[in-house]
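Visitor: I have just been handed this one and would like to talk it through. Could you walk me around it?

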Amino acid sequence: MDVAFSDKLNHLADGIAENGYAIIDNFLAPDEVDAILDEFKTGMLQFKKAGIGHKQEKQINEGIRGDYIQWIDRTTAAQPLQIYLLRLNELISFVNQALYLSLKDFEIHSTVYPVGTYYRRHLDQFKKDDHRKLSVICYLNKDWKESEGGQLRIYFADTELDIMPEAGRLVCFRSDLLEHEVLPATRERLSLTGWILDQHADLRHL
Ligand code: OGA
Ligand code: MN
């Protein structure tokens, strides 16, 4: 692991420990983002409307979230995505050591928010499933402008923070703790959205 990357992971572990969240710019380099965007374009037709809730309780609710998703299967994911998945594995090993956690795996989907769509304020843990420990979102939107909206808004006890979905930026936060929402944008908003789990992903949707 190169020094620059381990510096980023250090910053991430500190942020999670102290504030419950961290923002890492250039988690993906511009050329890595480009390669993933090419994959998005070829796979766009397979995106499906995202639902809310878990397993049998899953339902599509237009009023709560308007994004389209495609789950990433690591055995078949294209090379540009494999680079990102590898980096998430390194992130897991690092925070496990730095914060004495026993995170084991992740689940992740590609995400498209069409113009005008949003995701209302929510928590990423389900009532009957608390295995999602850290939410990790990597954005793929070049030269995003504040006036275009689409911020991730994180709610804290006495304040809130708006984060722009800028290409290459990774946001990581406590799934059990921090409520958040996605504000509507005037431009299509692309990301890789994942959750780091304390169980193996292949045990999940049984
Ligand atoms: C989610 C989510 C935030 C974002 O998919 O659960 O909150 O910035 N995404 O895309
Ligand atoms: Mn969320």
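**A salt bridge to start from**

Guide: Let us begin with Glu179, which is partly exposed, with a relative accessible area of 31%. Please keep in mind throughout that this is a predicted model.

Visitor: OK, and which residue does Glu179 form a salt bridge with?

Guide: Its partner is Arg121, and the closest N and O atoms of the two are 2.6 Å apart. Glu179 sits in strand β10 and Arg121 in strand β5, so the pair links distant parts of the chain, 58 residues apart. Arg121 is partly exposed as well, with a relative accessible area of 47%.

Visitor: How many salt bridges does the structure hold?

Guide: The structure holds 14 of them. One of these joins the side chains of Glu107 and Arg132, at 2.8 Å from N to O. Because Glu107 lies in strand β4 and Arg132 in strand β6, this pair ties together parts that are 25 residues apart in sequence.

Visitor: Are Glu107 and Arg132 buried or exposed?

Guide: Glu107 counts as buried, at 6% relative accessibility, and Arg132 is buried too, with a relative accessible area of 7%.

Visitor: Switching topic: what coordinates the manganese ion?

Guide: The manganese ion (ligand 2) is coordinated by His122 through NE2, Asp124 through OD and His180 through NE2, at 2.0 to 2.1 Å. Along the chain, these donors follow the spacing H-x1-D-x55-H. His122 lies in strand β5 (residues 119-122) and His180 in strand β10 (residues 179-182), so the two histidines tie together parts that are 58 residues apart in sequence.

Visitor: And are His122 and His180 buried or exposed?

Guide: Both His122 and His180 are buried.

Visitor: What about the nonpolar core, how many residues does the largest one have?

Guide: The largest nonpolar core has 37 residues, and those with the most contacts inside it are Leu12, Tyr84, Leu91, Leu140, Leu170 and Leu192. Several elements each supply at least two residues of this core, among them the helices α1 (3-19) and α2 (30-43) and the strands β4 (105-113) and β11 (189-197).

Visitor: Which element gives the most to this core?

Guide: That is α3, with eight residues.

Visitor: Which residues does Leu192 touch?

Guide: Leaving aside residues up to four places away in sequence, Leu192 touches a set that includes Ile36, Phe40, Ile72, Leu81, Tyr84, Ile108, Val136 and Leu140.

Visitor: Last one: what volume does the largest pocket have, and what lines it?

Guide: The largest pocket has a volume of about 860 Å³. It is lined by 38 residues, of which Gly53, Arg65, Tyr119, Phe126 and Arg132 lie nearest its centre. The elements that give two or more residues to the lining of this pocket include β4, β5, β6, β10 and β11.

Key: Residues numbered from 1 in each chain as written. Chains lettered and ligands numbered in written order. Predicted model: local features only at pLDDT ≥ 70, side-chain atom pairs only at ≥ 80, totals over all residues. Heavy atoms only, no water. Donors = N, O, S within 2.8 Å, 3.2 Å for Na, K, Ca; no water. Helix = DSSP H or I, 4+ residues; strand = E, 2+ residues; numbered from the N terminus. Buried < 20%, exposed > 50% of the residue type's maximum accessible area, 1.4 Å probe, protein only. Core = buried A, V, L, I, M, F, W, Y, C linked by side-chain atoms within 4.5 Å. Contact = heavy atoms within 4.5 Å. Salt bridge = Lys/Arg side-chain N within 4 Å of Asp/Glu carboxyl O. 1 Å grid on protein atoms, 1.4 Å probe; cavity = no way out; pocket = protein on both sides within 12 Å on 5 of 7 lines; lining within 4 Å. Points joined across faces, edges and corners; volume = space filled by probe spheres on them.
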